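Have a look at the sequence and the model below. Then we'll walk through it together.

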Number of protein chains: 2
Amino acid sequence: MERTLNFDHWARHQLDAVEAALETWVPEDAPAGLGEAMRYGVLDGGKRLRPLLVLAACEALGGSREAALRSAAAVELIHAYSLVHDDMPCMDNDVLRRGKPTVHVKYGEAQAMLAGDAMQALAFEILTPDEGVEPVLQARLVRLLARAAGHAGMAGGQAIDLANTGRMLDEATLREMHRKKTGALLLASVQMGAACGSPTPATWQALSVYGEAIGLAFQVVDDILDCTQASDKLGKTAGKDQEANKPTYVSVLGLEPARRYAQELRAQALAALERSGLADVAALAAIADKVVEREN
Amino acid sequence: MERTLNFDHWARHQLDAVEAALETWVPEDAPAGLGEAMRYGVLDGGKRLRPLLVLAACEALGGSREAALRSAAAVELIHAYSLVHDDMPCMDNDVLRRGKPTVHVKYGEAQAMLAGDAMQALAFEILTPDEGVEPVLQARLVRLLARAAGHAGMAGGQAIDLANTGRMLDEATLREMHRKKTGALLLASVQMGAACGSPTPATWQALSVYGEAIGLAFQVVDDILDCTQASDKLGKTAGKDQEANKPTYVSVLGLEPARRYAQELRAQALAALERSGLADVAALAAIADKVVEREN
């Protein structure tokens with residue numbers, strides 16, 4: 001397994017491509033300020049973890065770059081729309097995101113809701129161009145993304161979250177919530193990238209295990225950072241979970257066990273890469289490291 | 001052109017099939033009440049105009065029934081989600097829809113927003129099954145629906161609407177708003193149904209003209225009914241447009257000219273069907289009549 005890679009260099013190159021793609025595909029001229037609100041919600045911000053997972057998985061398989069860039073933009077749009085809606089007063093009522101006022105603070109609640117709705121539609125539009133991606137692959141990518149975004153994935157996880165604020169959860173229920181709320185889309189990112197190539201069933205299986213482990217690790221670390229970092233470092237309001245009395249890995253497991261769990265999940269992810277049979281998994285391995293070691 | 005048809009019998013048969021499909025595909029068991037809110041938002045209500053257009057167009061072309069039923073359910077889910085979001089306090093703040101409390105009144109704003117989001121994702125999930133619809137057709141249907149639902153279609157039209165409440169519009173701008181806000185999805189319904197068969201370019205073109213005319217006629221009649229019918233007959237709050245000082249075809253054209261315009265659009269739609277080269281357009285013709293003659 002190849003592990004040498006200038007990851008930062010690789011990531012910067014990929015993120016430039018993703019940003020350029022989003023710049024092109026998220027329309028400046030959508031009517032009545034809608035395009036401006038959409039662009040504000042997705043451009044120039046965030047860690048872009050999901051696009052990096054898509055592109056790293058695609059490269060490991062030697063897959064279609066065009067399909068992967070579209071997948072990266074689409075999955076980021078789904079993630080970004082969920083944040084726009086999540087920040088609204090009827091949900092988390094958050095005013096700060098990525099160090100900037102949230103979309104509804106800047107453009108009003110109605111425009112924020114519409115922008116989120118239009119971002120979701122745009123994700124599926126980007127996956128189904130008139131040409132450049134095989135229709136069979138287009139259908140497969142839409143299938144993966146729609147399932148991950150919907151009731152059995154992200155939206156379902158948010159509903160569980162909503163229903164359990166202020167309630168103590170056991171670890172199994174907490175894991176189920178996060179597997180849907182954030183895990184499904186992270187897993188889909190890996191799988192969409194893989195689908196852009198021609199994975200064997202064994203490779204698909206190994207990358208799926210990797211994606212699930214990354215998804216859980218991301219949330220565990222998120223919970224740790226929410227209670228250990230200051231808002232200015234996070235670029236969003238820290239301590240929100242605790243304040244809202246939301247169950248987190250820290251509140252359920254304790255801080256040190258949560259840290260150990262994150263390390264365990266990284267080890268699981270790396271072991272899955274070893275089993276994948278792929279030669280070039282350096283970027284995927286580096287992402288696993290980043291997810292666990294990040295400070296914001 | 002065949003015009004004899006027991007339309008009510010035909011429509012009842014189709015709507016039973018659509019209702020059964022939605023019953024199957026909109027999940028009862030989505031987490032934490034999300035499925036219940038989604039089902040409340042889409043089952044057992046509405047005129048189902050969009051599904052009827054899909055199925056009538058597909059039958060006129062002799063297309064795939066499975067693909068058309070999926071398209072009918074998907075387009076209705078997009079329509080229904082837009083109503084759920086549109087009714088929320090930050091948008092139209094409506095408490096009555098199809099004679100029942102709106103989704104946010106019944107389940108709360110957060111759940112209503114999530115249910116709408118999940119309904120949009122489900123639409124694209126339904127269009128991309130593991131089997132039963134050719135992947136090339138899946139991709140085409142997603143492409144049509146995503147474009148109609150997003151910034152260049154429905155969501156864009158809603159943004160124009162939002163920006164112009166309380167402002168007088170000229171007829172051209174009003175038409176542009178409605179062409180996006182309601183017209184795009186009605187046109188997509190016809191086109192998705194047609195895509196389930198194998199239309200010639202000339203047939204595609206004629207059906208598109210039909211779909212555009214139906215889309216505009218629907219909105220003109222909607223505006224007429226909003227100012228001439230009582231709430232109990234409409235099943236939603238009447239006079240809302242006037243109260244909110246929204247520009248409508250009635251406020252821009254006047255009541256009688258709006259009625260004449262609706263008749264003109266019906267004539268355009270029927271003329272397009274004559275040009276379509278299709279033998280069996282009785283259901284499409286009957287829908288044009290219904291759209292213009294409806295009383296709610």
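How many of the 22 residues of α4(A) are buried? The answer is 20, so helix α4 of chain A is mostly covered, where buried means under 20% relative accessible area, exposed over 50% and partly exposed in between, with a 1.4 Å probe and protein chains only. This helix takes in residues 65-86 and reaches 31 Å from its first C-alpha to its last, close to the 32 Å expected at 1.5 Å a residue.

A word on the ground rules: this is a predicted model, with local features needing pLDDT of at least 70 and side-chain atom pairs 80 or more, while totals for chains, interfaces and linings use all residues. Residues are numbered from 1 along each chain as its sequence is written, chains are lettered from A and ligands numbered from 1 in written order, and side-chain values use heavy atoms, without hydrogens and water.

Now for the rings. Over all chains there are 7 aromatic pairs, counted when ring centres of Phe, Tyr or Trp (its six-membered ring) lie within 6.5 Å; planes under 30 degrees apart are stacked, over 60 edge-to-face and the rest tilted. Y40(A) and Y107(A) make an edge-to-face pair, because their centres are 5.5 Å apart and their planes at 75°. Y40(A) sits in helix α2 and Y107(A) in helix α5, 67 residues apart. Y40(A) is buried at 17%, whereas Y107(A) is partly exposed at 23%.

Finally, the two copies: chain B can be laid on chain A by a turn of 180° and a shift of 0.0 Å along the axis, with an RMSD of 0.0 Å. They are thus related as by a two-fold rotation axis.

Conventions:
Helix = DSSP H or I, 4+ residues; strand = E, 2+ residues; numbered from the N terminus. Expected span 1.5 Å × (residues − 1). Least-squares fit on C-alpha atoms with pLDDT ≥ 70 in both.
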